[in-house]
Amino acid sequence: MATDYDAPRKTDDDSESIEALKERVPDKLSGTVGDEDADNPSGFELPGADLSDLELDVVVLPPQEDEFTCSECFLVKHRTQIDHDSAHGAVCIECAA
Ligand SMILES: [Zn+2]
């Protein structure tokens, strides 16, 4: 009798744990669980760290002293490429042409 009772109990435990997992997934997706979220941030930091690494590689330097930003095409060009200064700023030779 003891063995007969034990067999169905195992299946009950399995289905219970699966249902518990199923209930957790939608909770995480809706983002309403406070305690679970506190443990999760480490998973979100990895892609964030990757992005900051990419940003460091693509740092945009401000115009150097011998460079200017064209007010027409907004490209940074060498000072020798200035055609004239307009009311909005320097205009490069290509834009003035
Ligand atoms: Zn230009």
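User: Which pattern does the protein follow, read along the sequence?

Analyst: The order is α-α-α-β-β-β-β-α. That gives 4 helices and 4 strands. Both element types are DSSP runs, numbered from the N terminus: helices are H or I with at least four residues, strands are E with at least two. This is a predicted model, where local features need pLDDT of at least 70, side-chain atom pairs count only at pLDDT 80 or more, and totals for chains, interfaces and linings use all residues. Residues are numbered from 1 along each chain as its sequence is written.

User: How do I read strand pairing, and how many bridges join S3 to S4?

Analyst: Two strands pair if DSSP finds at least two bridges between them. Here, S3 (residues 82-86) and S4 (residues 89-92) run antiparallel, joined by 4 bridges. Asp-85 has Ala-90 in S4 as its bridge partner. The hairpin joining the two strands passes through 2 residues.

User: Is Asp-66 buried or exposed?

Analyst: Count the other C-beta atoms within 10 Å of the residue's own, with C-beta atoms placed from the backbone: 20 or more is buried, 12 or fewer exposed, in between partly exposed. Asp-66 is exposed because it has 8 C-beta neighbours inside 10 Å. Across the protein, buried residues are 4% of the 97 residues.

User: Where is Asp-66 found, and which residues does Asp-66 touch?

Analyst: Asp-66 lies in the loop between helix H3 (41-57) and strand S1 (67-69). Contact requires C-beta atoms, placed from the backbone, within 7 Å. Leaving aside residues up to four places away in sequence, Asp-66 touches His-78 and Arg-79. The C-alpha atoms of Asp-66 and Thr-80 are separated by 8.4 Å, with the residues 14 apart along the chain.

Note on methods
Two residues are in contact if their C-beta atoms, placed from the backbone, lie within 7 Å.
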